[in-house]
Amino acid sequence: MNRRKERIDRGVKARSADIFALTSYREMLYLMIPGAVPVVALLCFSPMLSDYWREVIISTAIYALLAMSWDMLMCAGLLSLGQSLFFGIGSYISGSLNYYAGLPPILTLPIATILGGLLCTVLLLPVLRLRGIYFAMVTLVVPLMLSRLVEATRILGGTEGLTGLTPFPNQLTALFIIQLALLATLFGFRRIMGSDYGLVVKGISDNDRSVMSAGLNIYWYKAQVLFLGASVGCFAGAFGTHMDMFAGMPGFALDYSIMPVAAAVVGGVGTFAGPLIGAFILVPLSEMLRALGSLRMVFYGLFLVVFVVGMPEGIFAYIQRKYQQMERWVDVS
Amino acid sequence: MLLGTLIYGFVNSAILALLAMGFNLTFGISGVANFAYGAVYIFSGFSVWILLNTLGIPYLLAVLIAILLAALMGLAIYYGVILRIKGMPLSEVMATFGLGLAIMELFRYFDFVGFRYTLPVFIDGSFSIGDVYIDYQRMIIGLIAIGLTFGLYLFTNHTRTGLAFRAIAQDERTALTFGIDADLVGGLSMALGCALAAIAAVVILPLGTIAVEGGYEVLINALAVCIVGGLGSTVGILVASVLIGYSQTITANYLEPHWMMLVSLIAIAIVLVVKPSGLFSHQKELEERI
C-alpha cells in the first residue's frame, strides 16, 4: 500500500463556481444538468410508462415526499420515527372534508396541507423542547396512540375508516399533481437550506446552544421547520387518500414511518435529493419483491441498518463526489 | 371492586416495571436507546415456544436457553452494529429501530401468527384474596418484579461488574482511567438489558398469546415508563410503573379497556410539558432539553 487516492475538484467545477460560469455553455450545462435530470425524468418519461408502473411511480412519489419531509426535520436535528403521524393527519383531514362536506380534491388537498401542517405543529409543540432520541421516542409513540384513539372513540369511521372518497379524474392528472409537488418540494427545500435561514436551521442541529446565545429563538425556528415538514407530509397523506379513495387507521401504520427513514438514509441525509433517490430505489424494488409479502418490511429494516453503519453518507453524496471531483492514485512511497 | 383494582393495579405495575427494566438499564449505563427491545422480547417468546414445542425441551431448560440466547443477541447487536456508530445517538436509534423491525417482521413472514402461539403458565390455578380471584401466574409476575428489582440493586451496588457499570454511567472518562473497558461494559449492559427483556417475556407472555404486534406495544410501554420516570433512574422506573399501572387499571375498570393505552400517552404528554427529563432524573436534565 504505497499509494493513496487523491481527490481534486474538476476544473469545470472551479470555473463554474461564480458568475463567470455564464461565459461558457459548458459551465452552464455543468451547473444545469443535475437539476434537469429529475425534472426530465419525472415529467417526460414517467407518462410513457404503462399504467401499472405509473401507479408505482405515484406511490414512490408519496413515499419520497414523506422522506423529504423527514429530511427537513432532520436538518433541524429533529429525528422523527413517526412520519405516519403527518400522513395519517393529512389523510384524515382531506378524507373527512371530502366525506362529510363533499369538497372536491382540488380544495381538500391545499386545505389538508396547510391545516394538517398547523395541527401537527401544535400537536408536537410541547415536545419541541426535547431533542435527540427523546423527540424520536415521542414521535414513535404519537401515531400509534392516535390510531388507538380513533379505535377507542370510533370517531371518523372508527376501524372501518372513511370509504368511497372522490378519486382523481384520471391517472395522468394524479401523476402530474404529485410530480409537480415533488419537484416543488425538492427545489424549494434545497433553496431554503441554501439560504441564510437554512444556515440557522443547520446551526440548531449542530449546536443549538450557540445559536441561542446568538440571540435567536430556536423554538420559533424549530416550529417553522416542523410546519414545513409536516405540511409536506400531510400533502402526501391527503394525496394518498384520494388515490386510494379511503382514509383510515392504516394511515398511521408503521410503513409510512420506517420507509421514509430508510429512503433518506439510503439516499443521503440532509440533501433532499438523497431521499428522492432512496425512495426511487427502495419502493420500486419492494414492488418487484411484492410476492414476498411482509418480507419487504424486513428489507427496509436491513437496508436502514446496513446504510447507517456501512455508508452513512448515502448514495447521493457518492454521486456528487464523482460528479464534482476526479480521483487518481498517487504514489506516496 | 376496590380490592380488585388494587391487586390488579399492582400486577399491572409489576408488568410495566418488568418491561421497562431492561430498556432502562441499557440506556442508563451505555446511553444506547435500544429500539430493538420489543423485538428481543418477541424473539425470546417465540424461541421458548420453538424450544418447547418443536424440539421438546423441558420448560425450565427452554426458558434458560431463551434468556441466554437473548443475551447473546444483545452482545451481537452491540458489537456488530452499535459499536460502529457509538456516539451518534440518532444513528444508534435508526439502526436499532431498523434491526428490531426486521426481526419482528421476519417472524410475521414465517407465519408466527395465531392463537396457538402461547406459553404454558408456571403453576396452574388461582386463589382468592377477599372476594378477588387471582391466578398464580400474576402473583409470580409480582414476585419476580420485586425480586429482580432487589437483585439489580444488589448487583449494581455490591459487585465489581455492577460498580463498573455505574462508573461508566456516571463519568466515562474517569472510569476509563480506572481501567474499566467502556466497550465491554457497554456490551454487557446491552446483553443484560436483552436478558431482562427475555425474562419479562417468559414471565408475562403466558398470560396471553405471543403476537408480533406485542413487540411494538412492549417498546411503547417501556418508553412510556422510562420517559415518565426519567431515563436511567431506577427509582423513577418503579414510581412511574406504579403510576401508569394503577391509572391504566382504573381506566380499564371504570371507563373502557380501549382507553388503557391512551393513559400512557397522556402521562407522557403531561410529564414532557411539566418536567421533560422525567420525574426522577437529575443529572441529565441539560442534555436532553434546552
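So, how many residues of chain B are in contact with chain A? There are 37 of them, and they meet 38 residues of chain A. Keep in mind that this is a predicted model. On the chain B side, three helices each supply at least two of the touching residues: α4 (89–109), α9 (212–229) and α11 (260–274). The largest share is from α4(B), with 15 residues. And if you sort that side of chain B by class, you get 28 nonpolar, 3 polar and 6 charged residues.

Next up, the core. The largest nonpolar core has 202 residues. The members that touch the most other members are A:Ala64, A:Leu65, A:Ala262, A:Leu304, B:Val40, B:Ala70 and B:Ala198. Which helix gives the most to this core? That's helix α8 of chain B, residues 182–204, with 16 residues.

Let's zoom in on A:Ala262. Leaving aside residues up to four places away in sequence, A:Ala262 touches A:Leu282, A:Tyr300, A:Phe303, A:Leu304 and, over on chain B, B:Gly98.

Now for some helix pairs. When we talk about two packed helices, we give the angle between their axes and the distance between those axes. Take α5 (residues 105–124) and α10 (residues 218–244), both in chain A: their axes come within 7 Å and cross at roughly 140°. That angle makes α5(A) oblique to α10(A). The crossing is right-handed. Residues making the contact include A:Leu109, A:Gly116 and A:Gly117 from α5(A), and A:Phe227, A:Ala230 and A:His242 from α10(A). Overall, the residues of this contact split into 15 nonpolar, 7 polar and no charged.

Compare that with α7 (residues 171–194) and α8 (residues 196–206) of chain A. Their axes are 4 Å apart, and the angle is about 80°, so α7(A) is roughly perpendicular to α8(A). Here A:Ile192, A:Met193 and A:Gly194 in α7(A) meet A:Tyr197, A:Gly198 and A:Val201 in α8(A). By class, that's 4 nonpolar, 2 polar and no charged.

One last stop: B:Gly147, which sits in helix α5 of chain B, residues 136–158.

Methods. Residues are numbered from 1 along each chain as its sequence is written. Chains are lettered from A and ligands numbered from 1 in the order in which they are written. This is a predicted model: local features need pLDDT of at least 70, side-chain atom pairs count only at pLDDT 80 or more; totals for chains, interfaces and linings use all residues. Axes are lines fitted to C-alpha atoms, for helices over the stretch in contact, and angles run from 0 to 180 degrees between N-to-C directions. Angles under 35 degrees count as roughly parallel, over 145 as roughly antiparallel, 65 to 115 as roughly perpendicular and the rest as oblique. A crossing is left-handed if the near helix is turned anticlockwise from the far one by less than a right angle, and right-handed if clockwise. Two residues are in contact if their C-beta atoms, placed from the backbone, lie within 7 Å. Ala, Val, Leu, Ile, Met, Phe, Trp, Tyr, Cys and Pro count as nonpolar, Asp, Glu, Lys and Arg as charged, and the others, Gly among them, as polar. A nonpolar core is a set of buried Ala, Val, Leu, Ile, Met, Phe, Trp, Tyr and Cys residues joined through C-beta atoms within 7 Å. A residue is buried if 20 or more other C-beta atoms lie within 10 Å of its own, exposed if 12 or fewer, and partly exposed in between; C-beta atoms are placed from the backbone.
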